[in-house]
Amino acid sequence: NSANFKDINSAMQAKAAVLKNTYDHLDNIVREEKIPLSDKARDFFALVAFNAGESNARKMMKSYYQKGYLKDDKFLDKQPDSSWSGPYKNVIQRIKGAELLKGEGYF
């Protein structure tokens with residue numbers, strides 16, 4: 001019942017608040033771990049945190065950073081290895097879909 005909103009605007013406002021909170025927590029993790037992220041990488045890991053939890057996002061980000069996968073955002077073009085396959089596949093589909101919509105001028 002908690003997901004019943006009076007209208008679509010209320011639902012979108014709630015979703016925006018949850019995502020803003022996720023970005024805030026991700027930014028704290030980035031500061032704590034001293035991991036530099038591009039804007040695209042930040043979006044990617046915010047969606048990982050939203051979908052797989054902040055703890056998993058931290059672990060995945062640290063792993064990718066230590067392995068050098070974050071350099072030049074190459075991990076966004078191709079999954080770098082089989083680790084974190086589930087979160088990677090779920091999030092990269094959303095990222096690629098958003099890019100297509102932006103490319104078509106919808107956003």
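Predicted model: local features only at pLDDT ≥ 70, side-chain atom pairs only at ≥ 80, totals over all residues.
## The largest pocket

The largest pocket is lined by 14 residues, and those that lie nearest its centre are Tyr23, Asp43, Leu47, Ile95 and Ala98. Two or more residues of this lining come from each of the elements α1 (8-33), α2 (39-52) and α4.

The space in the largest pocket comes to about 400 Å³.

## Aromatic pairs between helices

How many aromatic pairs does a search of the whole structure find? The search finds seven. In one of these pairs, the ring centres of phenylalanine 44 and tyrosine 88 are 5.6 Å apart and the planes stand at 50°, so the pair is tilted. Because phenylalanine 44 belongs to helix α2 and tyrosine 88 to helix α4, this pair ties together parts that are 44 residues apart in sequence. Phenylalanine 44 has a relative accessible area of 0% and is therefore buried, and tyrosine 88, at 4% relative accessibility, counts as buried too.

Phenylalanine 45 and tyrosine 64 form an aromatic pair that is edge-to-face, with 6.2 Å from centre to centre and 85° between the planes. Here phenylalanine 45 lies in helix α2 while tyrosine 64 lies in helix α3 (residues 54-66), so that the pair ties together parts 19 residues apart in sequence. Are phenylalanine 45 and tyrosine 64 buried or exposed? Both of them are buried.

In general, the distance of the centres and the angle of the planes are what describe a pair of aromatic rings.

## Glycine 86

Helix α4, which spans residues 85-103, contains glycine 86. With a relative accessible area of 38%, glycine 86 is partly exposed, because this value falls between the 20% under which a residue is buried and the 50% over which a residue is exposed.

How far apart are glycine 86 and phenylalanine 5, in sequence and in space? Along the sequence they are 81 residues apart, and from C-alpha to C-alpha they are 30 Å apart in space.

How values were computed: Residues numbered from 1 in each chain as written. Heavy atoms only, no water. Helix = DSSP H or I, 4+ residues; strand = E, 2+ residues; numbered from the N terminus. Buried < 20%, exposed > 50% of the residue type's maximum accessible area, 1.4 Å probe, protein only. 1 Å grid on protein atoms, 1.4 Å probe; cavity = no way out; pocket = protein on both sides within 12 Å on 5 of 7 lines; lining within 4 Å. Points joined across faces, edges and corners; volume = space filled by probe spheres on them. Phe/Tyr/Trp six-rings, centres within 6.5 Å; stacked < 30°, edge-to-face > 60°.
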